[in-house]
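Me: I would like to go through this structure with you. Could you look at it and take my questions in turn?

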Amino acid sequence: MKRKHQRLILGLVALVAIGGASGLALSALQDQAAFFYTPGDVATKKPPAGRAVRLGGMVETGSLKRLSDGVTISFVVADKDAKVPVRFTGVAPDLFKEGSGVVAEGKFTSDGGFVADNLLAKHDERYMPPEIADKMPSPDTLVK
Amino acid sequence: MIAEAGLAALWFAAAMALMQLAMAALGLRLKQDQLVEAVRPVAIVQGALAALSFGLLILLFLRSDMSVLLVAQNSHSAKPWLYKFAGAWGNHEGSMLLWVTVLALAGAAIALLEKKLDRATLTATLGAQAFIALGFYAFLLIASSPFTRLDPPALDGMGLNPLLQDPGLAFHPPTLYFGYVGLSIAFSFAVGAMLTGEVGAAFARAMRPWVLGAWVFLTIGITAGSYWAYYELGWGGWWFWDPVENASLMPWLAATALLHSVNVLAARDGLRAWTLMLAVVAFSMSMVGTFLVRSGILTSVHAFAVDPTRGSFILVLLALYIGGALALYGLRVGRVKAGQGFDLLSREGGLVLNNLLLSVILGIVLIGTLYPIVAQAMGEQLSVGPPFFNKAAGPIALALVAAMAAGPLLNWRRDHLNPLLAKLTVPATLAVLVMAGTFAAAPDAGWMEIVGLGLAAGLAVASFAPLWKRKLRRVPLFTWGMMIAHFGVAVSVAGMAADSAFTSERLVAARYGQPYYVGPWRVVLNGVAPVIGDNWSAVEGRVTASRGPVDGPMLLLRPQRRYYSSPPTDTAEASISTRIDGQLYAVLGQQDAQGRWQLRLWWKPFVTLIWFGGGLVALGGALSLLGRVKRERRNARRREEAEW
């Protein structure tokens, strides 16, 4: 085989691979990317029920309750615009507590609530999700 | 005084880097041999000064000097000494200082040890190295000095985040940084070679050990990081596709591609331009990683700082380095002569396929990681999660596993299809059998898990096929290294597929004495007791587990809920029992009003193979490095003897 032909074939193979991968990536992005909502977003653009999304905000103080089955909790995720009730079955992460930031992964239900199958809280106690940082008063910092 | 001395050392180190860059540039341009000669000692002094500065920062942490802002924010006088020590880099400023220290020490090591490169390329390399370091010095000295004083001093300090108080994690960042910085050396080599135009087998042989070393450290770092997340975060998973995890995975993917293409360049003098490109990309990926982790631009469970000034500073550095290198590549690559040609069906062809697949995976991870930032810039909030990465990267990773089985069986330059197929008969048959067996045993497992298990079995056998009809004692060490690394990948893939196909999970509100079942296990919470540690107190569940007959042997698991007072934090310490065929994993949650405890249980068959495989991959890399270095030494000695 001539060198030129070989380059051509190699180029074509690369194109096919990249094309295929982009196709895979795009289709995966389309139906799998978890879209991010803040409670304020929920009030303005109603997210479709039953679709995997992420909800980020602060856990409202005084809203955390434990249900009678012993493994489910309910709480309210809020930002300055709106509130969303959330239910989660499982062991909440260590840094999950009232008054701190949380990102809940799960689905909206038809009644406007949210069922989370995963909660993300951050390692750092000074943490606030960047997505909502600009919507909240700044958290207390330490030694100044 | 220690803090001021540290700051002074840092300024002097920066000045040395500036001098190193200027001397290398002028010396090469004006062809001044004396200037060129002096670059090496300057690089060594720069390394020593940076190390001194970092050493002084560690000393401040060990002495709990609360008059230093960084110490007060990230340490506590009552902390175990190991975490005071690790606290020096368990924060933004300290980790950046560690970064530049490793970089400067690596530059010093090149100046001391590198004998294969021609002098012009070496000088250009040291110049490029100084240029990279300068950006980081500027970043530290202008935007985030680790030695800032706090007046009045704090009493005890804020403490180190308890999740970081783990021996494994204490040494995790340095391991990754050795990897990142090793890639910066490959990058500097490439820049040096592009400036002087000397790209050939000798250049590849000089670059290869650094790439191999960086790759081994990255492999260890990623494997250890994955195991840390698995046992410390208590969520029972081993990979999260978190941006920070991706930040270490992307340079690893690029380094893996580079490692293979540099072999083609060293052995057959092919893929010249492509190898240079990969060296640029690999380092760019470690810079992108640093940027993602340090800028706080993404929601991540790991990111340290949410500080836009620092983010933009690193972004500017990033643009400067990557943009500069790509521009240089564009200008200079035409001067690099084409290397040797080869047939598509050949070892070179196999390595090109490997590079192609790795690049595609890298592209997918990069898109998935950066897409949310781009979307945010366009006014849309979204995040990309594990389903995307698994769906998009999974199939290509499986294709790569298949290619790995065939690649090493090919001859250099030209090969034929029939002998290759003959050699692949046994592995392919085994793969199909395992797929069929898995499907029969667990029809509910996803296709990726079934195919993954089959391919893993095939690759495990094919890894050692290069031994076929060879005398074992005459197989060189680096070939053993390659086979072990490939076998390690097979082991790891088997672990991943088994974990995702066969894991059983159970979440209960447990009453004392009542049995619960997970997988083949019968688990009982017998009681909960208080325990106390160095700087924490805890409640500890006493959990027994048995399988088979009720009076069979018992395991004791002790999951804890810990409370740290500084900073005030609750953490769950998972208890994991490792059996030969998997791990039983227990996490204690909170107690409810009726006295029941949340207990989360997992039975994860063969999950340990994931990290065992990762360890084998790193071991293979290390053996390969050792073999190469040994051979180079021997060749150098022979050349010297021949000259006599």
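Me: How do β2(B) and strand β3 of chain B pair, and over how many bridges?
Reply: β2(B) and β3(B), the latter spanning residues 521-532, pair in the antiparallel sense over four bridges. Two strands pair if DSSP finds at least two bridges between them. Strands themselves are DSSP runs (E, at least two residues), helices likewise (H or I, at least four), and both are numbered from the N terminus.

Me: What stands opposite B:Val518?
Reply: B:Trp521 in β3(B) stands opposite B:Val518. The two strands form a hairpin with two residues between them, and B:Gly519 in the turn has a positive phi of about 50°.

Me: Which residues of β2(B) are on the covered face?
Reply: B:Tyr516 and B:Val518 are on the covered face of β2(B), whereas B:Pro515 and B:Tyr517 are on the uncovered one. In a regular strand the side chains alternate between the two faces of the sheet.

Me: Before we go on, what kind of model is this?
Reply: The model is predicted, and local features need pLDDT of at least 70, side-chain atom pairs count only at pLDDT 80 or more, while totals for chains, interfaces and linings use all residues. Residues are numbered from 1 along each chain as its sequence is written, chains are lettered from A and ligands numbered from 1 in the order in which they are written, and side-chain values use heavy atoms, with hydrogens and water left out.

Me: Is B:Ser546 buried or exposed?
Reply: B:Ser546, which lies in strand β4 (residues 536-547) of chain B, is buried, with a relative accessible area of 2%. Buried means under 20% relative accessible area, exposed over 50%, and partly exposed in between (1.4 Å probe, protein chains only).

Me: What is B:Ser546 in contact with, leaving aside neighbours within four places in sequence?
Reply: B:Ser546 is in contact with B:Pro520, B:Trp521, B:Arg522, B:Pro553 and B:Met554. Contact means heavy atoms within 4.5 Å.

Me: Now the open sheet: what is the strand order?
Reply: The order is β1-β10-β9-β8 in chain B, with antiparallel pairing. The edge strands, each pairing on one side only, are β1 (504-510) and β8 (575-579) of chain B. The twist averages 15° from one strand to the next.

Me: How many bridges join β1(B) to β10 of chain B?
Reply: Seven bridges join β1(B) to β10(B), residues 597-605. One of the bridge pairs is B:Ala510 with B:Trp597.

Me: Which helix packs on the sheet, touching β1 and β10 of chain B?
Reply: Helix α17 (residues 477-502) of chain B does so, and its direction makes about 130° with that of β10(B). Such angles run from 0 to 180 degrees between N-to-C directions, with axes as lines fitted to C-alpha atoms, for helices over the stretch in contact.

Me: At what angle do α16 of chain B and α17(B) pack?
Reply: α16(B), residues 447-463, and α17(B) pack at about 160°, with their axes 8 Å apart. α16(B) is therefore roughly antiparallel to α17(B); angles under 35 degrees count as roughly parallel, over 145 as roughly antiparallel, 65 to 115 as roughly perpendicular and the rest as oblique.

Me: Which residues meet there?
Reply: The residues of α16(B) include B:Gly452, B:Leu453 and B:Ala456, and those of α17(B) include B:Phe487, B:Val493 and B:Ala497.

Me: And chain A, what does its secondary structure come to?
Reply: Chain A comes to three helices and seven strands, in the pattern α-β-α-β-β-β-β-β-β-α along the sequence. Of its 144 residues, 47% count as buried.
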